[in-house]
Amino acid sequence: MELTRRQTLGLAAATVAGSTVAATTTASAHTDRWVRDTLRRMTLEQKVGQLFVLYAYGPAADTADARNTSLYGVATPAEVVAKFNLGGVIYFTWTDSTKDPQQIAGLSNGLQKASLTNTGIPLQISTDQEYGSVVRVGPPATQFPGGMALGATRSANFARAAGAIAGRELKALGITTDFAPDADVNVNPLNPVIGVRSASSDPALAAEIVAAQVKGYQRDGRIVSTAKHFPGHGDTETDSHVGIPEIHHTREEWTEIDLPPFQAAIRAGIKSIMTAHIVVKSLDPSGDPATLSRPILTGILRQQLRFDGVVITDSLGMKGVRDKYGDAEIPLRAIEAGVDQLLMPVDPGLAYNSVLDAVRSGRISEARIDESVTRILALKHEGGLVDRPYVDLSRIAKVVGTPANYAEAQRIADRSTTVLRNDADLLPLSPAPRKIVVTGYSPTNLATALQKRGATTTVKDTGSTPTDAKITDALAASAAADLTIVLTNKAWDTEVTDKLAKQQKLVNGLLATGRPVIVVPVRDPYDVAYFDAPATTLVTYGSTVVSMEALAKVLYGEIAPTGKLPVEIPAKPDPNSPDPAPVLHPFGHGLSFDPRATRLTVASYNIHAGAGEDNVFDLDRTARAIKALDADIVGLQEVDVHWGDRSQWLDTIAELAGKLGMYPAFAPIYDLDPPAAGQPRRQYGVGVLSRFPLVRTENHPITRLSTQDPNPVPAPAPGFLEVEVDVRGRRVHVYSTHLDYRGDPTVRTMQVADTMKILAQDRRQDLQILVGDFNAEAAAPELAGLWTRLTDSWTAAGETTGGPNTYPAVAANKRIDFVTVGRGLTVRRAEVPAEVPVAEAASDHRPMIADLSFRS
């Protein structure tokens, strides 16, 4: 595209950072003079064209598109601008207007050239970039959390920063007006069209966030901000795209609930307000939608609230405004009500000519048209469009999607994630690598974030309307995982989004497995009320990359969750009760935890529980039992390696490691060396299975079972296993033992003394964990030194009892498992969980599990 000298000067001027909204008397006078002179020379057709904001198909101004020909009778976006003398255009993804920054900016320059060539007046170029659930310009433009996420941060500073960066980035692309922020107060959890677009159900919080956003967009970002949808779309169960919503608030309720964000926006200097296609009979008894209501737009907005900026309609193609009047009548009634700009009528030619005819016939005076055109022209001049209509394509990369902008978006998202429930005490997760299924709505971004933290992820994207086949597939994948995270998107909405409630079926199916499941609504927080009481729930209010990265940070305890609910979450409505549903989570709810506390779950398990009455290990059953512990590190006793028929000549620990995806270590107690001819080496001892890679392993010398007669081997092996792992930079030593199962106090005394010597070899700042079993009670005097050195966690077990599946059948106090920890480790929880499956439990081989933490 060749530019004239004036246009080239405009490009050069665009290198100056940001235009300044006129604030001085001199600037205002300059604006008034330009508006007056421009209005004087305009034809009626040009004036009427300024009232219209339309879309055009195609990525460039000169791109011919059959869709333009069908709708407008001309082929290219430039011709659409010229034919209707347009005052503004709006960009959408589906019009091919927003493919990438260079394309967007090129389209903007091309359309500005077409407008300036035709009328000498620059275009107002707009889009709906609310962020969150309403986004037109995608990456590499910075993607911020949306309105409700900002409300969850409780930070006006964050809201303003997001608006400022968004404004600068959009302006660099030639977009001069953003139809944001959403100023609705979402007091209705069943609202199908607003939801997370609103900052809050609390009018004061919504007003604070909206005002900050307006200042960010306009004062810092230097573009026009548009608050919507006046007089307030927050309490409706009807989507105005498909029906006519009616708000039943009294005038007093409207003043208390819906008005404050719009008042705050006006006080913050908002330059544009968008109308809502809603009926509010307390404000206008006629039953006309607000877009066509003079009592609402002129009586309240203009006269009562003293707003003298530009009033623009919501899309005139929506059913909420089209049901009562025909498409030729709608624009006339909107203008008569007090509207300045008409957005996207269904039949642009019909609407344009209808307004022209109304002026020529005298129904609408030209003075009334001049009133709106004056506001529109002033908006353009004050925004710097007259002096700088073009953008410099060479500067885009310096403004759009910069590392600093991305960092700010991430900082905001980090503060928005809200933990609703942590009843199973899953959070924060330990940093141990684990197998995680991520399923539900748009799980890929979260899976990527989890992979960066060492997780092995399986992605099962079921969308917002899962099929039964996808649900079955996700359930099957979950059965093989250590953890499942399921994301939902408006799962509560069975009228439009998910008519067969398949998201609810998916989540409830996962919960019914009894396996660890984390449920995360990534849009409306209200979803949590529609599931079977998930024990672990978080809300992100959006599914963008930054929101999923923030979720991963919270899950792993890298940051403390600080988000607070900006809305109240009621329980699922009871269709048989006229009473309001009780509150499930109140406004302001949000759990937190100390991010400096790193989680670590350690278990002790005697593998002999896997041997039934036939004295043959069932490796599948044993693997299921160990998996059910969901431990990061498991110390094993009575481990067979090629030990004859009992292990079917298998390397038991290697087999279990393969089934569980863990790292194994083994230390023999008995070692039949040399093995019998033609047989593998037979060993029996202790082991460790770890989700963490093993940094080092060692089998320490220790007094063994000298009282056993006869010994099965000439000289027992040490059988005191140490593994070293690295957990977030801390060296953790885990010792696994199987001590004195013949019950000799003398041997036990020597073993404890040996144990103390081995533990003393570690550096003082290292963390120590001892797992294993003893044939003794905790009060046995020979154990006193051990419990002085270590914090005992196995007393939670109480006592064990023999059971019918134990082999061999032995006395009730035969062995007690323990997990003990040294300095620096805190025992958060210790218990003896039931075996899995319970019907096969060998009760005197029950495991011990301890949930530990240490401060980094």
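I took contact to mean heavy atoms within 4.5 Å. Helices (H or I, at least four residues) and strands (E, at least two) are DSSP runs, numbered from the N terminus. I am working on a predicted model, where local features need pLDDT of at least 70, side-chain atom pairs count only at pLDDT 80 or more, and totals for chains, interfaces and linings use all residues. Residues are numbered from 1 along each chain as its sequence is written, and side-chain values use heavy atoms, with hydrogens and water left out.

Entry: a helix pair.
I found Leu619, Asp620, Thr622, Ala623, Ile626 and Lys627 of H22 meeting Thr652, Glu655, Leu656, Lys659 and Leu660 of H23.

Entry: an enclosed helix.
I counted residues as buried at under 20% relative accessible area, exposed at over 50% and partly exposed in between (1.4 Å probe, protein chains only). In helix H21 (residues 545-555), 10 of the 11 residues are buried, so the rest of the structure largely encloses it. Among them are Met548, Glu549 and Lys553. What do the buried residues of H21 pack against? I listed helices H17 (403-416) and H18 (444-451), along with strands S9 (418-422), S12 (483-488), S13 (517-521) and S14 (536-539). Just after H21, Gly557 has a positive phi of about 70 degrees.

Entry: the cores.
A nonpolar core is a set of buried Ala, Val, Leu, Ile, Met, Phe, Trp, Tyr and Cys residues joined through side-chain atoms within 4.5 Å. The largest has 124 residues, and Phe52, Leu86, Phe230, Leu301 and Val355 touch the most other members. Helix H9 (residues 203-220) gives this core the most, eight residues. Apart from it I noted another core of 31 residues, including Val723 and Leu767.
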